[in-house]
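This briefing concerns the single chain shown below. Topics follow in order, from overall form to individual residues.

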Amino acid sequence: MIVLAGDVGGTKTQLAVVDVQPTMCRVVFEHRYASRDYADLGLMIEPFLAAAATRGPDRACFGV
C-alpha cells in the first residue's frame with residue numbers, strides 16, 4: 001500500500017510517500033516545504049506527488 005504521510009506545521013511541512021508492507025515500511029520519496037510559501041496543503045501536495053513520480057497514494061495520514 002502506498003501512503004502519503006505528512007507532518008504539517010506552522011514553519012515547515014515534511015511530506016513523504018511510504019510503501020507500507022506487512023513486514024516493513026520504506027520511504028520512497030520525501031521533501032520539506034516552508035509552510036508560509038503555500039496558501040493551503042493541497043497546493044503543496046500537487047507538486048510533491050508530481051515530483052515523487054509514483055502512483056497515487058492508497059491512503060493519507062497527516063499530523064498537524
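A residue is called buried when its relative accessible area is under 20%, exposed when the value is over 50%, and partly exposed in between, with a 1.4 Å probe and protein chains only. By that scale, Tyr33 counts as buried at 10% relative accessibility. The model is predicted: local features need pLDDT of at least 70, side-chain atom pairs count only at pLDDT 80 or more, and totals for chains, interfaces and linings use all residues. Residues are numbered from 1 along each chain as its sequence is written, and side-chain values use heavy atoms, with hydrogens and water left out.

**Overall architecture**

- The chain contains 1 helix and 4 strands, where helices (H or I, at least four residues) and strands (E, at least two) are DSSP runs numbered from the N terminus.
- Along the sequence these elements follow the pattern β-β-β-α-β.
- The radius of gyration is 12 Å, close to the 11 Å that the globule rule gives for 64 residues, so the chain is as compact as a globular protein of that length. This radius is taken over C-alpha atoms, and the globule rule is 2.2 Å times the number of residues to the power 0.38.
- Taken along the principal axes, the C-alpha atoms fill a box of roughly 35 × 20 × 15 Å.

**Surface, burial and charge**

- Of the 64 residues, 25% count as buried.
- The accessible surface comes to about 4,200 Å², and 56% of this belongs to carbon and sulfur atoms. Accessible areas come from the Shrake-Rupley method with a 1.4 Å probe; for residues, only the protein chains shown count as cover.
- Contact means heavy atoms within 4.5 Å. Among contacts between residues at least 6 apart in sequence, 38% join residues at least 24 apart.
- The chain has 6 positive and 7 negative charges, and their mean positions are 5 Å apart. Lys and Arg count as positive and Asp and Glu as negative, while His and the chain ends are not counted; the place of a charge is taken as NZ of Lys, CZ of Arg, CG of Asp or CD of Glu.

**Aromatic cluster**

- Rings of Phe, Tyr and Trp (its six-membered ring) pair if their centres lie within 6.5 Å; planes under 30 degrees apart count as stacked, over 60 as edge-to-face and the rest as tilted. By this rule the count comes to 3 aromatic pairs.
- Phe29 and Phe48 form a tilted pair, with 5.3 Å from centre to centre and 40 degrees between the planes. Phe29 lies in strand S3 (residues 24-34) and Phe48 in helix H1 (residues 41-52), so the pair ties together parts that are 19 residues apart in sequence.
- Phe29 is partly exposed, with a relative accessible area of 24%, whereas Phe48 is buried at 0%.
- The pair of Tyr33 and Tyr38 is edge-to-face, because the ring centres are 5.5 Å apart and the planes stand at 90 degrees.
- Tyr38 is placed in the loop between S3 and H1 and is partly exposed, with a relative accessible area of 27%. Not counting residues up to four places away in sequence, Tyr38 touches Tyr33, Leu43 and Met44.
- One aromatic cluster is formed by Phe29, Tyr33, Tyr38 and Phe48.

**Strand residues**

- Leu15 is found in strand S2 and is buried, with a relative accessible area of 0%.
- Leaving aside neighbours within four places in sequence, the contacts of Leu15 include Ala5, Phe29, Tyr33, Met44, Ile45, Phe48 and Phe62.
- Leu15 and Ala50 are 35 residues apart in sequence, and their C-alpha atoms are 13 Å apart in space.
- Asp7 belongs to strand S1 (residues 2-8) and counts as partly exposed at 43% relative accessibility.
- Asp7 and Phe62 are 55 residues apart in sequence, yet 5.8 Å apart in space, C-alpha to C-alpha. Not counting residues up to four places away in sequence, Asp7 touches Lys12, Thr13, Gln14 and Gly63.

**Loop residues**

- Pro22 lies in the loop between strand S2 (12-21) and S3 and is exposed, with a relative accessible area of 83%.
- From Pro22 to Met1 the C-alpha distance is 9.4 Å, with 21 residues of separation in sequence.
- Ala53 sits in the loop between H1 and strand S4 (59-63) and is exposed, with a relative accessible area of 68%.
- Phi of Ala53 is near 50 degrees, a positive value in a residue other than glycine.
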